[in-house]
Amino acid sequence: IYFKVNGDEIMLLDDKIEQIRADFAYLDEKIMGKNIAYLDNSATSQKPISVINAVDNYYRYQNANPHRGAHYLTVLATDAYENAREKIAKFINAKSSSEIIFTRNTTESLNLIAYSYAIENLKKGDEILITILEHHSNFTTWHYVAEKTGAILKIAYLDDDYCLDMSDFESKLTDNTKIVSVTGASNVTSCMPDIEKIVNMAHEKGAIAIIDGAQLAPHKKVDVQNMDCDFFTISGHKMLAPMGIGVLYGKKELLENMKPFMYGGDMIEYVYETHSTFADVPARFEAGTMNVGGAIGLGAAIDYIDKIGIDNIYQRESELAKYLSEEMRKIPYLDIYYPQKAKQFGAAIAFNVKEVHPHDTASILDSYDIAVRSGHHCAMPLHSYLKINASCRASLMFYNTKQEIDKFLSHLEDVRRTMGYGLE
Ligand code: PLP
């Protein structure tokens with residue numbers, strides 16, 4: 001146990017954080033030659049040594065192609081791969097591990113839904129409802145589905161606190177809505193919409209509800225049965241796991257009635273000269289040799305998160321984000337796109353230094369070994385809606401410290417100065 005969750009006490013346990021930080025090699029100043037304050041966790045998280053070791057161990061001692069053949073190594077590989085699936089099912093409280101499909105990432109998971117469910121089921125005049133918060137992966141996919149099926153894409157907008165305006169959402173939900181697809185946590189404004197309410201409202205209209213969990217699963221407890229969502233997506237690389245492994249959770253009764261997304265090996269039942277029949281879920285949706293090492297790495301990432309406790313992680317990240325946002329609000333030359341009134345929020349704070357392009361801000365901060373994201377964060381419609389071209393984003397993970405935040409805050413002044421502005 002690394003943290004005690006007891007209000008402010010969480011900030012007192014920095015000695016435990018040091019233990020955790022020892023698991024992250026990029027923090028080794030001797031090797032790196034720098035002391036990097038990595039505040040770009042929403043883009044991708046860093047990976048603890050246990051995850052790297054799990055992948056290494058698989059390729060050294062267990063490498064074979066799962067589900068194919070009968071020899072010792074293929075059995076080891078199959079067990080390790082299926083064990084990872086079990087861990088994910090438990091992590092998000094799926095009813096069964098057969099509801100867990102491995103994909104490359106959230107983008108692929110959403111495409112799988114689009115091709116195997118949406119294009120097959122939607123028709124002209126049907127409606128898809130998303131929000132302006134969505135990442136491009138939850139936008140462009142629906143542009144394509146709308147173009148293919150004649151369905152109409154509707155968008156719900158925000159309140160004055162950078163969060164989803166639930167009354168706008170409600171007004172756009174109609175008897176024609178067939179799909180609702182909403183982020184569990186915005187990668188720009190950190191808004192965490194009320195998912196259970198959204199799913200409930202969607203179901204009342206007979207629509208299915210998809211939750212993009214890319215920014216939610218790494219930071220906050222997810223219970224897909226409680227949420228009652230029909231689909232939920234995960235990107236492993238945002239939650240300590242390697243890149244190239246993701247998850248689509250889907251309710252079994254939906255998955256069982258969906259056609260395959262990709263065709264090929266290991267997803268079939270029988271193949272004849274003229275046609276084929278397909279395996280049960282989840283194999284039906286895992287065509288070809290999968291990223292087995294990645295799945296095992298994701299399993300190890302979940303073990304690591306479980307060791308700390310996802311509720312402890314949320315608590316610590318919320319404390320850090322509260323501190324960071326409060327300090328940022330004291331700085332007059334910043335524009336901040338982050339909720340103030342919301343009850344729950346993520347730990348990514350988008351901002352702009354007034355009169356400075358975000359790429360300049362990020363480059364100047366980088367010269368002090370501070371890593372923040374700059375650009376549109378794959379959320380161009382949201383940036384247009386906010387009437388900005390781009391922004392910077394400082395995004396936190398439990399292994400960040402108050403010292404790193406202070407370092408970031410102190411160098412914001414250098415951005416203004418370097419660009420020739422005063423501090424007002
Ligand atoms: N959805 C959200 C909210 C994201 O933040 C991201 C990535 O930043 C994605 C989806 C896409 O994730 P990936 O690139 O891993 O598919």
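What volume does the second largest pocket have? About 210 Å³, with a volume being the space filled by probe spheres set on grid points that are joined across faces, edges and corners. A pocket here is an open set of points on a 1 Å grid over the protein atoms alone, with protein on both sides within 12 Å along at least five of seven lines; lining residues have an atom within 4 Å of a point.

Two notes before you click: this is a predicted model, where local features need pLDDT of at least 70 and side-chain atom pairs count only at pLDDT 80 or more, while totals for chains, interfaces and linings use all residues. Residues are numbered from 1 along each chain as its sequence is written, and side-chain values use heavy atoms, leaving out hydrogens and water.

Select T106, H135, A214, S235 and K238, which are the closest to the centre of the second largest pocket among its 19 lining residues. The ligand sits in this pocket (more than half of its atoms lie within 2 Å of the grid points).

Now show the 14 residues around the ligand, of which T107, D212, Q215, S235 and K238 come nearest (a residue counts if one of its heavy atoms lies within 4 Å). That shell has two nonpolar, ten polar and two charged residues; Ala, Val, Leu, Ile, Met, Phe, Trp, Tyr, Cys and Pro count as nonpolar, Asp, Glu, Lys and Arg as charged, and the others, Gly among them, as polar.

Zoom in on D212: a polar side-chain atom there is 2.5 Å from a ligand nitrogen. S235 has a polar side-chain atom 2.7 Å from a ligand oxygen. For H237, a side-chain N or O atom lies 2.7 Å from an oxygen of the ligand.

**Stop two: the largest pocket**

This one holds about 570 Å³ of space. Pick M192, P193, D194, I195 and Q344, the closest to its centre of 23 lining residues. The lining splits into ten nonpolar, three polar and ten charged residues.

**Stop three: the cavities**

A cavity is a set of points where a 1.4 Å probe fits but cannot get out. The whole structure has three of 30 Å³ or more.

Notes. Polar contact = N/O pair within 3.5 Å; in protein donor to acceptor, adjacent residues only side chain to side chain.
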